[in-house]
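Biologist: I would like a close look at one part of this model. Please keep it simple, and tell me where the numbers come from.

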Amino acid sequence: MLRTIIFTSFFVIVFFLAKYFAIDTFLHSKRWLILGFFVAFSFLMHRLIDMGLQGKDKNIIMFYLAATVLRLILSLGFIGFELYRGLQQQELFILNFFVLYLFYTVFEIWNLSSNLRQNSGK
C-alpha cells in the first residue's frame, strides 16, 4: 500500500504544480474527485489481492479478475453519474479519467507482478 501512496503523491504534486506552470487548462476541475476515486479503488484492489494471497488455494487469479471487472463497472458508473449530473467540459473529464485509469492500471499490474515474484518461492 505504501507504493500506492507514493504513486498517488506524484499525481498530487503534478496537480499542484500544474497551476504554477499554467498547464492547468489541461486538467478538469474535478481532477481531485477522479484522483480520490482511483485512490479508493486502489485500496479496495489491494485488499482483494491480499485476500487472494492469504488462501491456501492461491485464488489470486480469481480475485484479480474480480477486481478488474469491478474496476470497469465502477469506472463506467462513475463516469456515467458525473455526465448525468450535467458536467461541464465532458471531453476533458473523460480524457483526464482515462489517462489516470491507464496509469493506475499499469501501476497495479507492475505492483502485482512484483508481489507475485516475491511470493513465488524462488
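Which residues does Phe 97 touch, not counting residues up to four places away in sequence?

Modeller: First, some ground rules. This is a predicted model, so local features need pLDDT of at least 70, side-chain atom pairs count only at pLDDT 80 or more, and totals for chains, interfaces and linings use all residues. Residues are numbered from 1 along each chain as its sequence is written, and side-chain values use heavy atoms, with hydrogens and water left out.

Now to Phe 97. Leaving out residues up to four places away in sequence, Phe 97 touches Ile 34, Phe 37, Phe 38, Ser 75, Phe 78 and Ile 79. Contact here means heavy atoms within 4.5 Å.

Phe 97 also belongs to the largest nonpolar core, which has 18 residues. A nonpolar core is a set of buried Ala, Val, Leu, Ile, Met, Phe, Trp, Tyr and Cys residues joined through side-chain atoms within 4.5 Å. Buried means under 20% relative accessible area, exposed means over 50%, and partly exposed lies in between (1.4 Å probe, protein chains only). Ile 34, Phe 38, Phe 97, Leu 100 and Tyr 104 touch the most other members. Two or more residues come from each of α1, α2, α3 and α4 (90-119). Helices are DSSP runs (H or I, at least four residues), and they are numbered from the N terminus. The biggest giver to this core is α4, with 6 residues. Another core lies apart from it, with 9 residues, among them Phe 41, Leu 53, Phe 63 and Ala 67. In soluble globular proteins, nonpolar side chains tend to be buried together.

Phe 107 and Trp 110 are 3 residues apart in helix α4, so about one helical turn separates them. Their rings form a tilted aromatic pair, 5.9 Å centre to centre, with 40° between the planes. Rings of Phe, Tyr and Trp (its six-membered ring) pair if their centres lie within 6.5 Å; planes under 30 degrees apart count as stacked, over 60 as edge-to-face and the rest as tilted. Phe 107 is buried, at 8% relative accessible area, whereas Trp 110 is partly exposed, at 47%. The structure holds 20 aromatic pairs.

Next, the charged side chains. There are 3 salt bridges in the structure. Each is a side-chain nitrogen of Lys or Arg within 4 Å of a carboxyl oxygen of Asp or Glu. Glu 82 and Lys 30 form one, at 3.2 Å from N to O. This pair links distant parts of the chain: Glu 82 sits in helix α3 (residues 60-84), Lys 30 in the loop between α1 and α2, 52 residues apart. Glu 82 counts as buried, at 2% relative accessibility. Lys 30 is partly exposed, at 23%. Glu 82 also meets Arg 85 in a salt bridge, at 3.5 Å from N to O. Asp 24 pairs with Arg 31, their closest N and O atoms being 3.2 Å apart. Asp 24 is partly exposed, with a relative accessible area of 26%, but Arg 31 counts as buried, at 12%.
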